[in-house]
Amino acid sequence: MSDTNKQLRVSKIRDGTVIDHLAAGQALNVLAILGIDGSGGEGVSIGMNVPSDRLARKDIVKVEGRELSQSEVDVLSVISPEATINIVRDYEVVEKKRVERPEEVTGVVSCPNRNCITNADEPVVSRFEVLSDGLRCGYCGDIVREGEVAENLDVS
Amino acid sequence: MRQDHLISAAQLSRDDVEAVLDRAADIDADLEAWRQRRAGSVLGLCFFEPSTRTRMSFDTAMKRLGGRTVDMGPVDSTSVKKGESLADTVRVVEGYADAIVLRHPLEGAAKMAAEFVDVPVINAGDGAGQHPSQTLLDLYTIRENAGLDDLTVGVMGDLKYGRTVHSLAEMLTNFESRQHFISPESLRLPRSVRYDLHASGAQVREHTDLAEVLPELDVLYVTRIQRERFPDENEYRKVAGQYQIGPDDLDGAKDSLTVMHPLPRVDEIAPEVDETPHAKYFEQAHNAVPVRMALLDMLLEGDE
Ligand SMILES: [Zn+2]
């Protein structure tokens, strides 16, 4: 797949972030993690199931005028460990980084255990230990498998 | 103990457990010697769901150490019903007490509470989560009757919601033990507990029928299967009946088998079993006081 061909699907951005090599099917979850639903006015381009050398199929998300916070990157790494993050300024990639699996993620994911104290009306932020194949609630100990992270995103 | 709080079984090493049990044995041997040990200390009892025995045993333990207790009283008469957060409640009680015992219906409650206060917090049961002080007294009883090594333990009943079971399973991984879990399919151990057991390399097997493992067991720990766990009464009766122990059910067991139960029981263990040498559940209940005295004494020690 040549670069020119890719651009037909996903246009270049001037300033912002390109999240590349996402596992196929994760693009919409990434938007959810970033809290992007279109209402904020950011320019967003999405490529889904794009052929890739590294992964058979991948997703790409390009967000105009937006950089990612560490906790956003942390959760990204859990749902898509192969992802790369490119910071673009004036159409050039000025920084390129692979996500790293953190030891824990805070906020962003909510505990699937409805009986967990983090889901009650308490002044507490969810916190998960990152396991090799999922997340574990730092409060109730419940485990969220990798495939279940997306459905437990706290994107309110 | 190095810990400031007792939240879950996983935080205790074998040395920690043995230190508490040894101190409990010292206390048991000479109760009088410990009578003024914590004079002047105050223990806050915060029970957000009823538990007469746990509350009474902590109350007694503190008083036998010469300390006093303040009790927030039954939940429906407190500000909890007015919508006060747990975080606020424990911060208020922290101003009255040198340590807090917390029973709460939500999992992770004690963990969260401990983050808001500087005094030691003891988890006396958080929903279906953990009940580590119960486990310490269970282990004390097991040590007295069967020793803590080269042990084959069967745990039977509601393994999914039974917090005493979760704490016990995790604490037993500190010792050389083989664990057998006997329950209906729908009440198997939750995956977070199985994950920990697996990660610690514990020898664990699951069964639906006690007869499969009974002859091997040194200890049989029975818990109650609650009606509320089943959508329909008939289903409950069918299942619960299979996990009740009568005197005949112990025919194939070792003579030295120790039968335990965190109490209260309903009909999981027939009264005829009480007369057999296997029955240790009342002894287990009595151990609550010296073990909780030891625990309180050690947690308050870190305070000095
Ligand atoms: Zn949780």
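B:Arg163 is buried, with a relative accessible area of 15%. Here buried means under 20% relative accessible area, exposed over 50%, and partly exposed in between, computed with a 1.4 Å probe on protein chains only. The model is predicted: local features need pLDDT of at least 70, side-chain atom pairs count only at pLDDT 80 or more, and totals for chains, interfaces and linings use all residues. Residues are numbered from 1 along each chain as its sequence is written, chains are lettered from A and ligands numbered from 1 in the order in which they are written, and side-chain values use heavy atoms, leaving out hydrogens and water.

B:Arg163 belongs to helix α6 (residues 163-172) of chain B, where 10 of the 10 residues are buried. Helices (H or I, at least four residues) and strands (E, at least two) are DSSP runs, numbered from the N terminus. The buried residues of α6(B) include B:His166, B:Ser167, B:Glu170 and B:Met171.

What does the side chain of B:Arg163 meet in a salt bridge? The partner is B:Glu49, at 3.2 Å from N to O. A salt bridge is a side-chain nitrogen of Lys or Arg within 4 Å of a carboxyl oxygen of Asp or Glu. This pair links distant parts of the chain, 114 residues apart. B:Glu49 sits in the loop between β1 (42-47) and α2 (52-64) of chain B, while B:Arg163 is in helix α6 of chain B. B:Glu49 counts as partly exposed, because its relative accessible area is 21%.

The UniProt annotation "binding site", from an unreviewed entry, covers B:Lys82, B:Arg163 and B:Arg224. UniProt positions are given in the numbering used here, feature names are shortened, and annotations may be inferred rather than shown by experiment.

Take B:Arg224 next. It is found in the loop between β8 (219-222) and α8 (233-241) of chain B. Its relative accessibility is 30%, so B:Arg224 counts as partly exposed. Not counting residues up to four places away in sequence, B:Arg224 touches B:Asp158, B:His261, B:Pro264, B:Val266 and B:Glu268. Contact means heavy atoms within 4.5 Å.

Other salt bridges follow. B:Arg265 and B:Asp274 meet through their side chains at 2.6 Å, N to O. B:Arg265 is partly exposed at 21% relative accessibility, and B:Asp274 is partly exposed at 24%. A network of salt bridges links B:Arg23, B:Arg37, B:Arg38, B:Asp297 and B:Glu301. Over all chains, a search of the whole structure finds 31 salt bridges.

Now the interface. The size of an interface is often given as the accessible area lost when the parts come together. Between chain B and chain A the buried area is about 1600 Å², and carbon and sulfur atoms give 50% of it. Buried area is the accessible area (1.4 Å probe) that two parts lose on being put together, summed over both. B:Glu107, B:Arg191 and B:Tyr195 supply 39% of the area that chain B buries against chain A, more than any other three residues. The contact takes 18 residues from chain B and 21 residues from chain A.

How many residue pairs are in polar contact between chain B and chain A? The count is 13, with both residues at pLDDT 80 or more. A polar contact is a pair of N or O atoms within 3.5 Å; within protein, one must be able to donate a hydrogen and the other to accept it, and residues adjacent in sequence count only if both atoms are side-chain atoms. On the side of chain B that touches chain A, α3 (86-94), α4 (109-116) and α7 (191-199) of chain B each supply at least two residues. α4(B) gives the most, with 5 residues. By class, that side of chain B has 8 nonpolar, 4 polar and 6 charged residues. Ala, Val, Leu, Ile, Met, Phe, Trp, Tyr, Cys and Pro count as nonpolar, Asp, Glu, Lys and Arg as charged, and the others, Gly among them, as polar.

The count of salt bridges between chain B and chain A is 3. One of the salt bridges joins the side chains of B:Asp196 and A:Arg136 at 2.6 Å, N to O. A:Arg127 forms a salt bridge with B:Glu115, the closest N and O atoms being 3.3 Å apart. This pair crosses between chains, from strand β7 (residues 127-131) of chain A to helix α4 of chain B. B:Glu115 is partly exposed, with a relative accessible area of 39%.
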